[in-house]
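Student: I would like to go through the labels used for this model and see what each one rests on.
Tutor: Then take them one at a time.

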Amino acid sequence: MTTVAPEPDRYRFALTYYEIALAVAMMGLGLWRWAIIVGLFAGAFDAMSASVKVATMFLAVADLVAAAGLWMRVGWGRVIFVAAAIAEIALHTAFVATYGTSWLLVGFHVAMLAVYAVLAVVARRRPANSA
(Lines give C-alpha, C1' and ligand atoms only; values in the text may rest on other atoms or scores of the structure.)
Protein backbone atom coordinates (compact mmCIF):
# COMPACT_ATOMS: atom_id res chain seq x y z
CA MET A 1 0.00 0.00 0.00
CA THR A 2 1.39 3.39 -0.98
CA THR A 3 0.57 6.70 0.54
CA VAL A 4 -0.38 9.58 -1.66
CA ALA A 5 0.54 13.12 -0.77
CA PRO A 6 -2.42 15.47 -0.59
CA GLU A 7 -2.95 17.63 -3.64
CA PRO A 8 -1.75 21.19 -3.00
CA ASP A 9 -4.53 23.71 -2.64
CA ARG A 10 -4.25 26.53 -5.16
CA TYR A 11 -6.02 29.00 -2.86
CA ARG A 12 -3.51 28.42 -0.07
CA PHE A 13 -0.71 28.94 -2.58
CA ALA A 14 -2.38 32.15 -3.70
CA LEU A 15 -2.73 33.31 -0.09
CA THR A 16 0.92 32.50 0.60
CA TYR A 17 2.17 34.47 -2.37
CA TYR A 18 -0.26 37.31 -1.69
CA GLU A 19 1.09 37.60 1.85
CA ILE A 20 4.60 37.80 0.43
CA ALA A 21 3.46 40.55 -1.95
CA LEU A 22 1.79 42.34 0.98
CA ALA A 23 5.04 42.09 2.93
CA VAL A 24 6.91 43.78 0.09
CA ALA A 25 4.25 46.50 -0.19
CA MET A 26 4.24 47.15 3.56
CA MET A 27 8.04 47.23 3.57
CA GLY A 28 7.92 49.86 0.84
CA LEU A 29 5.39 51.96 2.76
CA GLY A 30 7.39 51.67 5.98
CA LEU A 31 10.67 52.65 4.31
CA TRP A 32 8.94 55.57 2.58
CA ARG A 33 7.73 56.84 5.96
CA TRP A 34 11.18 56.42 7.49
CA ALA A 35 12.65 58.37 4.58
CA ILE A 36 10.29 61.20 5.51
CA ILE A 37 11.23 60.97 9.21
CA VAL A 38 15.00 60.96 8.70
CA GLY A 39 14.80 63.88 6.28
CA LEU A 40 15.44 62.43 2.84
CA PHE A 41 12.63 64.69 1.67
CA ALA A 42 13.86 68.16 2.67
CA GLY A 43 11.74 69.69 5.40
CA ALA A 44 8.81 67.32 5.03
CA PHE A 45 8.85 66.00 8.60
CA ASP A 46 9.72 69.36 10.18
CA ALA A 47 6.74 71.04 8.52
CA MET A 48 4.22 68.51 9.89
CA SER A 49 2.03 69.20 12.89
CA ALA A 50 2.62 67.16 16.05
CA SER A 51 -0.36 64.86 15.45
CA VAL A 52 0.74 64.10 11.89
CA LYS A 53 4.28 63.40 13.13
CA VAL A 54 2.93 60.90 15.66
CA ALA A 55 0.80 59.17 13.02
CA THR A 56 3.76 59.03 10.63
CA MET A 57 6.01 57.51 13.29
CA PHE A 58 3.35 54.98 14.30
CA LEU A 59 2.75 53.89 10.72
CA ALA A 60 6.49 53.76 10.00
CA VAL A 61 6.96 51.21 12.76
CA ALA A 62 3.67 49.35 12.22
CA ASP A 63 4.25 48.95 8.47
CA LEU A 64 7.71 47.45 8.98
CA VAL A 65 6.54 45.14 11.78
CA ALA A 66 3.62 44.01 9.60
CA ALA A 67 6.02 43.41 6.70
CA ALA A 68 8.26 41.21 8.85
CA GLY A 69 5.30 39.27 10.22
CA LEU A 70 3.72 38.77 6.81
CA TRP A 71 7.03 37.65 5.34
CA MET A 72 7.41 35.07 8.11
CA ARG A 73 3.73 34.13 7.73
CA VAL A 74 2.94 34.39 11.43
CA GLY A 75 -0.40 35.37 12.93
CA TRP A 76 0.73 38.59 14.55
CA GLY A 77 1.94 39.87 11.17
CA ARG A 78 -1.56 39.58 9.77
CA VAL A 79 -3.00 41.36 12.81
CA ILE A 80 -0.55 44.25 12.58
CA PHE A 81 -1.17 44.51 8.82
CA VAL A 82 -4.93 44.79 9.33
CA ALA A 83 -4.48 47.29 12.20
CA ALA A 84 -2.07 49.47 10.22
CA ALA A 85 -4.28 49.43 7.12
CA ILE A 86 -7.42 50.31 9.10
CA ALA A 87 -5.53 53.06 10.97
CA GLU A 88 -4.37 54.62 7.71
CA ILE A 89 -7.86 54.39 6.21
CA ALA A 90 -9.30 56.05 9.33
CA LEU A 91 -6.69 58.81 9.30
CA HIS A 92 -7.43 59.79 5.72
CA THR A 93 -11.22 59.43 5.84
CA ALA A 94 -12.51 60.17 9.34
CA PHE A 95 -9.87 62.76 10.27
CA VAL A 96 -9.50 64.60 6.97
CA ALA A 97 -9.19 68.00 8.62
CA THR A 98 -6.09 66.90 10.55
CA TYR A 99 -4.38 64.40 8.23
CA GLY A 100 -5.65 65.43 4.81
CA THR A 101 -6.93 63.19 2.07
CA SER A 102 -4.86 60.56 0.35
CA TRP A 103 -7.36 58.65 -1.74
CA LEU A 104 -4.62 56.68 -3.44
CA LEU A 105 -3.44 55.25 -0.10
CA VAL A 106 -7.00 54.68 1.07
CA GLY A 107 -7.90 52.84 -2.12
CA PHE A 108 -4.67 50.83 -1.94
CA HIS A 109 -5.36 49.71 1.63
CA VAL A 110 -9.02 48.95 0.96
CA ALA A 111 -8.06 46.85 -2.06
CA MET A 112 -5.32 45.03 -0.11
CA LEU A 113 -7.71 44.27 2.75
CA ALA A 114 -10.51 43.13 0.44
CA VAL A 115 -8.32 40.77 -1.57
CA TYR A 116 -6.74 39.41 1.60
CA ALA A 117 -10.16 38.79 3.19
CA VAL A 118 -11.45 36.94 0.13
CA LEU A 119 -8.32 34.81 -0.20
CA ALA A 120 -8.24 34.01 3.52
CA VAL A 121 -11.87 32.88 3.56
CA VAL A 122 -11.58 30.83 0.38
CA ALA A 123 -8.27 29.24 1.44
CA ARG A 124 -9.63 28.17 4.81
CA ARG A 125 -12.92 26.68 3.67
CA ARG A 126 -13.25 22.91 3.56
CA PRO A 127 -14.89 20.93 0.79
CA ALA A 128 -18.29 19.52 1.77
CA ASN A 129 -17.20 15.92 1.18
CA SER A 130 -14.17 15.95 3.53
CA ALA A 131 -14.48 14.69 7.08
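Tutor: The model is a predicted one. Start with Thr-56, which is found in helix α2.

Student: What makes Thr-56 count as buried?

Tutor: Its relative accessibility is 9%. Buried means under 20%, so Thr-56 counts as buried.

Student: Which residues does Thr-56 touch, not counting residues up to four places away in sequence?

Tutor: Thr-56 touches Arg-33, Ile-37, Phe-45 and Met-48.

Student: Why is α1 called roughly antiparallel to α5?

Tutor: Helix α1 (residues 10-38) and helix α5 (residues 103-124) pack at about 155°, their axes being 9 Å apart. Angles over 145 degrees count as roughly antiparallel, so α1 is roughly antiparallel to α5. The crossing of α1 past α5 is left-handed.

Student: How many residues of each class does the contact of α1 with α5 have?

Tutor: There are 19 nonpolar, one polar and four charged residues. Among those from α1 are Tyr-18, Leu-22 and Met-26, and α5 residues including Met-112 and Tyr-116 take part.

Student: Which residues have the most contacts inside the largest nonpolar core?

Tutor: That core has 22 residues, and those with the most contacts inside it are Tyr-18, Leu-22, Met-26, Leu-70, Phe-81, Met-112 and Tyr-116. Two or more residues each come from α1, α2 (50-72), α3 (75-93) and α5. Helix α5 gives the most, with eight residues.

Student: What does Tyr-116 touch, leaving out residues up to four places away in sequence?

Tutor: Tyr-116 touches Leu-15, Tyr-18, Glu-19, Leu-22, Arg-78 and Phe-81.

Key:
Residues are numbered from 1 along each chain as its sequence is written. This is a predicted model: local features need pLDDT of at least 70, side-chain atom pairs count only at pLDDT 80 or more; totals for chains, interfaces and linings use all residues. Side-chain values use heavy atoms; hydrogens and water are left out. Axes are lines fitted to C-alpha atoms, for helices over the stretch in contact, and angles run from 0 to 180 degrees between N-to-C directions. Helices (H or I, at least four residues) and strands (E, at least two) are DSSP runs, numbered from the N terminus. Angles under 35 degrees count as roughly parallel, over 145 as roughly antiparallel, 65 to 115 as roughly perpendicular and the rest as oblique. A crossing is left-handed if the near helix is turned anticlockwise from the far one by less than a right angle, and right-handed if clockwise. Contact means heavy atoms within 4.5 Å. Ala, Val, Leu, Ile, Met, Phe, Trp, Tyr, Cys and Pro count as nonpolar, Asp, Glu, Lys and Arg as charged, and the others, Gly among them, as polar. A nonpolar core is a set of buried Ala, Val, Leu, Ile, Met, Phe, Trp, Tyr and Cys residues joined through side-chain atoms within 4.5 Å. Buried means under 20% relative accessible area, exposed over 50%, partly exposed in between (1.4 Å probe, protein chains only).
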